[in-house]
Amino acid sequence: MVGSDENCQGVIMASNVQGGLGAGGGKVTMGHNRRALSTINGNIVEAPAYPCKVHERNGITDKSANGVKNPPIPIHRPVTRKFAAQMATKLQQPTVEVTKPPVQTAPAKNESEDRIIIDAEDYKATSDYDPVPMFVQHTEAMMEEIDRMDAEMEMEDVEETLIVDIDSADKKNPLAVVEYIDDMHAYYKKTESSSCAPPNYMEQQFDINERMRAILIDWLIEVHYKFDLMEETLYLTVNLIDRFLAVQQVIRKKLQLVGVTAMLLACKYEEVSVPVVEDLILISDKAYTRKEVLEMEKLMINALQFNLSVPTAYVFMMRFLKAAQSDKKVELLSFFMTELCLVEYEMLRFPPSMLAAAAIFTAQCTLGVLNEWSKTCEKYSHYTRDQLLECSRLMVSFHQKAATGKLTGVHRKYSISKYGFVAKCPPASFLLEASF
């Protein structure tokens, strides 16, 4: 056995030294280029390492009974002493062809890419530790989840088809500023809350109240109509009045002066042709002098810190009317609803964008055009139908009493042919029902 060990060591040394014996003197020399690890492993397979150990454990030699050397055994894992001993005991056992599983590592060099020859018992032993799933069986819960996701995707596709690109027809119109109109309204939406007066600012006023404010706004709506001013001017005028009264206490005899001066500032900002100061004094029955108007103008512009660029309900109204694809009558009735809200102090708690969206929704319901808030309107207004209902119901109540009482300026304005007699339309009383 000792001799066998020495022979074994000699075989290993001979198989791992490149070049064999040297030509001169029999000295063993090492080549400069080392063989690849795969080549060394191949030699080890042909002459299994430590054959003496195989003798001791299995009682066989590395040659068959007739003296023929056993053929090399293809393997696909690192060669160890234990593995070499196991393979030596299975040389005479039959082999089977097994189709290579799809998730196996690439075979060694010079072997087939599709099929390999391995020992049957070895395949059985290793397959338990390296299972390869051939298919995935979906459970009922997984199938329900897939169906639910498909249904949601279909609903999203339907909603996208219901949303209209309202700017597609204006891409060649430079005045429509299609390239940045969405950015503009995103900025309006972001800054509208800081551009409005607090809804409770009257609490700090000691000499005026909500009723006086309503009388002033109702009168200014008539002045605005007589001067034939732009719609933007009226909304900015009311905004300037509320913001000024929120930071400055005013006595009641100066309240009308505040309103006239606010309209003068709004005209300078919005109008091409601005009314002269004398015309405003005349319309106020000469209650104030030119000097008083100019002094109030300086006081207001400084109190407001020269900030006249604010998003009013008008800018949102024009955008949402486009999204609603409204006709002229819906447009006129929407403005009627909004101007009714300008007179009411309690409507200051709603942002301008909500006032505009609710006015259009209420006008559509009043005329029977549509009782639902479309997906397109919802996308561009960022309000759902449920969010608009409270504000819309208040507008219906204002519409019901618009022709009664002393403050009827808005009703008279929209009861003429120029505004399509929209004030005479029956209110959408069904919106006041709790179940609606």
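View 1. Helix 17, made up of residues 385-400, has 16 residues and reaches 22 Å from its first C-alpha to its last, close to the 22 Å expected at 1.5 Å a residue, where the expected span is 1.5 Å times one less than the number of residues. This is a predicted model, in which local features need pLDDT of at least 70 and side-chain atom pairs count only at pLDDT 80 or more, whereas totals for chains, interfaces and linings use all residues. Residues are numbered from 1 along each chain as its sequence is written, and side-chain values use heavy atoms, with hydrogens and water left out. Helices (H or I, at least four residues) and strands (E, at least two) are DSSP runs numbered from the N terminus, and the protein has 18 helices and two strands. Helix 17 bends by about 30° at C391, the bend being the angle between axes fitted to the seven residues ending at a residue and the seven starting there. Among the buried residues of helix 17 are L388, C391, L394 and F398; buried means under 20% relative accessible area, exposed over 50%, and partly exposed in between (1.4 Å probe, protein chains only). The buried residues of helix 17 pack against helix 14 (328-343) and helix 15 (352-367), with contact meaning heavy atoms within 4.5 Å.

**View 2. The loop between helix 7 and helix 8 at S193.** S193 sits in the loop between helix 7 (181-191) and helix 8 (210-226), and S193 is exposed, with a relative accessible area of 60%. Although S193 and P351 are 158 residues apart along the chain, their C-alpha atoms are separated by 6.5 Å.

**View 3. Aromatic pairs.** Rings of Phe, Tyr and Trp (its six-membered ring) pair if their centres lie within 6.5 Å, and planes under 30 degrees apart count as stacked, over 60 as edge-to-face and the rest as tilted; by this rule the count comes to nine aromatic pairs. The rings of Y188 and F316 have centres 6.3 Å apart and planes at 80°, so this pair is edge-to-face. The pair links Y188 in helix 7 to F316 in helix 13 (residues 313-323), 128 residues apart. Y188 is partly exposed at 22% relative accessibility, whereas F316 is buried at 2% relative accessible area. The rings of Y201 and Y345, with centres 5.6 Å apart and planes at 75°, are also edge-to-face, and both residues are buried.
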